[in-house]
Amino acid sequence: MSASIMYGDILAQKIRSNLKIVVNELKEENIIPSLTVVIVGDNPASKTYVKMKQKACEKIGIRSHVIELNSDISEEDLLNQVINLNEDDSVHGILVQLPLPDHINEKRILEYIEPTKDVDGFNPINIGRLSIGQDALIPCTPLGIMELLDFYGVSLRGKHAVVIGRSNIVGKPIGQLLLNKDATVTYCHSKTEALSSITKQADILIVAIGKAQFITKDHIKPGAVVIDVGNTFLSSGKVVGDVDYNEVKDHVSQITPVPKGVGPMTITMLLHNTIKAAKNFK
Ligand SMILES: Nc1nc2c(c(=O)[nH]1)N[C@@H](CN(C=O)c1ccc(C(=O)N[C@@H](CCC(=O)O)C(=O)O)cc1)CN2
C-alpha cells in the first residue's frame, strides 16, 4: 500500500493566506510587521533560504530587511548589530541565519536577541518558556511539524515518537512539543547504539540528522508516520531528505516529501512568529 503524502507546501499556502488577512488587519491599526534577517558570509544554501524568507514576507505584506555581513566580522561587531536591532522600535522580528562562521560563538549571539523579537525561538528564555509550557516564540521547523501532524490528522496522545537528532533548532524542541501533546518521546543521536532497534518502535519517526537518505525501511516499523526534516543539495542540484523516500514510501502510512514537506512550513512559521512579535508591540 502506498503512503499518504503530507505535503507541506499545500498547508503552507493555506496558512499564508490566513496570515495575509491578519497582516492587513494590523495595517488598519498602523502596524506593519517587520523582520530583519542577519546573514554572515556567503554560504549558498543560507543565501537561498534568506531569499525565500524575503519573498514569503513580501507576498503577505510583512516588511523585511536583510543585513549582509562579511564572513570575517568579529563576534563583538555582530553582537553590536544585534543590540542595535534590539533597540530599534521599527524592528519586530530579528533572525540570525545559521550556521555562523566557526570563529563566532553562535550561542552567545542568540542569547543576546531580545526574547520578544526572537522569531526563531532560539533564545534561552524562549526555549525555557517552551519547556515549562508557557507562551513563547517557538522554533519554526518544530512548530511547522506540529501543524503538519495536526492538519494530516496524526494523533499523538500515548503514541511513541522517536526523534533522531538533538539539535537546538529541531531535535530538542520537537521532542518537547510532542511531549506537551502527551506523546511518549525517545531521542536518538549519533552516539545511540542499535539505532534501528529503537527507531523500529516508533509510531511517529522524526528524522533531523542532516545525512542524505540515511534512513531506510530497516529503521521503520510498517505503517509508521515519518517526518523528514533533511534538506541536502546533491551535486546534481536535486534536494533530498534524510530518509530514502522511494525505498520507504510503500512501507509507511504517512510521510513528508523533500522538497515541499517540512521546508515550506519552516518559512510559514517564521511569518507566523513575526506577526506574533509585531502584535506584542501593541
Ligand atoms: N536562523 C535559522 N537558521 C536556520 C534555520 C532556521 O529555522 N533558522 N533552518 C535551516 C534552514 N532553513 C531556514 O532557515 C530552511 C531550510 C529549507 C527550507 C525549504 O523550504 N527547503 C525546500 C527545498 C529547497 C529549495 O526549494 O530550494 C523544501 O524543503 O521544500 C526552508 C528553510 C538552517 N538554518
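Student: Which residues of α1 are buried?
Tutor: In this predicted model, the buried ones in α1 are G8, L11, A12, L19 and V23.

Student: And where do they sit, seen down the axis of α1?
Tutor: They fall within an arc of 110°, so the buried residues line one face of the helix.

Student: OK, what covers them?
Tutor: The cover includes α2 (44-60), α6 (140-151) and α10 (262-280).

Student: Which residues are exposed on the other side of α1?
Tutor: That side has I10, Q13, K14, S17, N18, I21, N24, E25 and E28 exposed.

Student: What span should α1 have, and what does the model give?
Tutor: Helix α1 runs over residues 8-28, which is 21 residues. At 1.5 Å a residue it should span 30 Å, and its end C-alpha atoms are 30 Å apart, so the two agree.

Student: What follows α1?
Tutor: N30 follows α1, and its phi is positive, near 65°.

Student: Switching topic: what does UniProt place at residues 139-280?
Tutor: The UniProt record, an unreviewed entry, puts the domain "Tetrahydrofolate dehydrogenase/cyclohydrolase NAD(P)-binding" there.

Student: How much helix and strand is in residues 139-280?
Tutor: That stretch is 35% helix and 17% strand. Its end C-alpha atoms are 17 Å apart.

Terms used: Residues are numbered from 1 along each chain as its sequence is written. This is a predicted model: local features need pLDDT of at least 70, side-chain atom pairs count only at pLDDT 80 or more; totals for chains, interfaces and linings use all residues. UniProt positions are given in the numbering used here, feature names are shortened, and annotations may be inferred rather than shown by experiment. Helices (H or I, at least four residues) and strands (E, at least two) are DSSP runs, numbered from the N terminus. The expected span of a helix is 1.5 Å times one less than its number of residues. A residue is buried if 20 or more other C-beta atoms lie within 10 Å of its own, exposed if 12 or fewer, and partly exposed in between; C-beta atoms are placed from the backbone. The arc is that of the directions from the helix axis to the C-beta atoms. Two residues are in contact if their C-beta atoms, placed from the backbone, lie within 7 Å.
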